[in-house]
Every structure is written in C-alpha cells, then in structure tokens.
Amino acid sequence: MKIRIKGIRRASAVAVTAGAVLSAGAFAAPAQAAAPVAPTITAKGGFVMNNGTGKSLFTKAADTRRSTGSTTKIMTARVVLGQSNLNLDSKVTVQKAYSDYIVDNDWASSARLIVGDKVTVRQLLYGLMLPSGCDAAYALADKFGSGSTRDARVKSFIGKMNSTAKSLGLTNTHFDSFDGIGKGSNYSTPRDLTKLASNAMKYSTFRSVVKTKSTKQKVTTKSGGYRYMEWTNTNTLLDSYSGTIGVKTGSGPEAKYCLVFAATRNGKTVIGTVLADSSVAARTTSAKKLMDYGFKK
C-alpha cells in the first residue's frame, strides 16, 4: 500500500511538474505584434506604397480618376528632365504671355517671374515646384515644346506629357494643361500619381528641388543687371513630418486639396498621394496618417 501510495504521489508530482512546464512555456512564448490598423482619411482618394519594392500598402479609391490640380506639375518637371542633352543652365527670357496667363486665371499660383528677366531652366524648375508657379510651367512648356508658334509649342509639350504617361503605364491619367488648370480632361488617380512621382524621384535634380524648403535665386534682368527671386515650398510636410523628402501640393475648384508625398525613415521610403481632400490641413493630416501606416507595414 505504501509503495502504491508513493507511486501515486510520485506520478502526481510528475504530472504537476509537467503541467507547470507546459504552462510556463505557453506564457513564455513571445507575443505577436498586432497588425497596424488601416487609417481613416478624409481625402476621397488615397494610395501609399513602399518605394523600394513597389508594394501597395494602402488604397482608397486608388484607381478612381480625379482632377489633380498642381500635382500635374510633377509631370511638367518629369518631361523637362527627360529631355535628351538637357542643359539646366540654359536661359529662358520671361515673356509677357506668362504673366498675362497668371492674371487671366484666378486659380493660377505664381512664381512672380518678371517680364524680360533671363532665368535658367533649373531656376524655372524651382519656381515650378516650390511656389507652384504656373508662369514657370508656361515658360517650360514654351521652351521644350516644338513648333513655330507658342500655342503649337504648348500643345506639343502637353502631348509629351501624355506620351510620357503612356510610357510609364499610367492608364488612368490624361493631361490637357501644363499646370493643372485644365479644361475638363486633366485627371489622374492616387496610384498613377504615386507611380509618376516615384519615377520622377529617380532624377537627382527633381529630388534636390522637391526637398528644398526655400531658395534664393539670382536672375539676370532685362537691362543686364541682376535681381534675387525668393521662393518657399508650399509642401509644409518638409517642416512638420520627420524624414519628408518631397513631393508636391495641388488644389483647385474641382480638385479640392491634393498632396503627393514621400518620406524616408530607417532606410525605408514610402510614397503616396491623397486627392480631393477638404482643406490644406486635412490633406496634410491624411498624408501623415498614410505615411505613419506605411512605415508600420
């Protein structure tokens, strides 16, 4: 009886010990990190991807065509930078037509170019992307389009914008203007604009321009003297979101408030777009939410 009792006690002790080990093992297992919750954004369309891999990280009506406002100017810059034998230091004389265009279009933002000044292509790119100058966009279209008249050159340049979109596989994108002040058929999608920006960021000049918070540029005046032009970037993410490296704001009566954005943290770059948001503050908040989410994915 005593032997049997000892056996029972020993068996019980072994069982308890084994149970304790199993329980301890279960509690000691590393906890699985909870998957990040996809954010809610006020923008009607949104997209973000890993710029290194091209993997989609967030979509909201990502392939719905919408007016793009001045985010169109990403393509304006991309067409210029894609020219063969491009000389960024070649000079362009500012024409009265460029300033008249600003006066004639209520929503046209200006780089405040002065008629008769001689500015370089590089300077025009800063005037295009920082203050979102429609006059700078006009000057670039006039410079890099083909034809014997200004209208022909502008039409040619817009044709280059569309052929470039096609070559990049942007199947839901079309341009009818060089600056986003379109005539009803200037549109893209969050996914397409993000892919466009990703491609444009391959150009070192583009990267340098869009990450610049402000610049002071020396330009030649009509009389042969010089003046300084000062431009500040409309992309407030450069000051308010750590790691931001660009890209471009946009707005308009149809486009509402848009933003193409990119940031790098710990060697990872996320890039994306929000379209048709309700305000400048809202588009900034939406972009920050998408970047936060993108870095967690």
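Residues are numbered from 1 along each chain as its sequence is written, and side-chain values use heavy atoms, with hydrogens and water left out. Because the model is predicted, local features need pLDDT of at least 70 and side-chain atom pairs count only at pLDDT 80 or more, while totals for chains, interfaces and linings use all residues.

**Largest pocket**

A pocket is an open set of points on a 1 Å grid over the protein atoms alone, where a 1.4 Å probe fits, with protein on both sides within 12 Å along at least five of seven lines; lining residues have an atom within 4 Å of a point. The largest pocket has a volume of about 410 Å³, a volume being the space filled by probe spheres set on the grid points, which are joined across faces, edges and corners. Its lining counts 26 residues, and G69, G180, S251, G252 and P253 lie nearest the centre. Two or more lining residues come from each of β3 (66-67) and β9 (244-252). β9 gives the most, with four residues. Strands are DSSP runs of E with at least two residues, and helices are runs of H or I with at least four, numbered from the N terminus. By class, the lining has seven nonpolar, 15 polar and four charged residues. Here Ala, Val, Leu, Ile, Met, Phe, Trp, Tyr, Cys and Pro count as nonpolar, Asp, Glu, Lys and Arg as charged, and the others, Gly among them, as polar.

**D179**

D179 sits in the loop between α6 (150-167) and β6 (187-188). Leaving out residues up to four places away in sequence, D179 touches G69, S70, T72, K73, Y101, C134 and A137, where contact means heavy atoms within 4.5 Å. The side chain of D179 also makes a polar contact with that of Y101 at 2.7 Å, and it reaches the backbone nitrogen of I181 at 3.0 Å. A polar contact is a pair of N or O atoms within 3.5 Å; within protein, one must be able to donate a hydrogen and the other to accept it, and residues adjacent in sequence count only if both atoms are side-chain atoms.

**Burial and cysteines**

Buried means under 20% relative accessible area, exposed over 50%, and partly exposed in between (1.4 Å probe, protein chains only).

| Residue | Relative accessible area | State |
|---|---|---|
| D179 | 0% | buried |
| C134 | 1% | buried |
| C258 | 0% | buried |

The structure holds zero disulfides, a disulfide being a pair of cysteine sulfur atoms within 2.5 Å. In helix α4 (residues 121-129), eight of the nine residues are buried, so the helix is largely enclosed by the rest of the structure.
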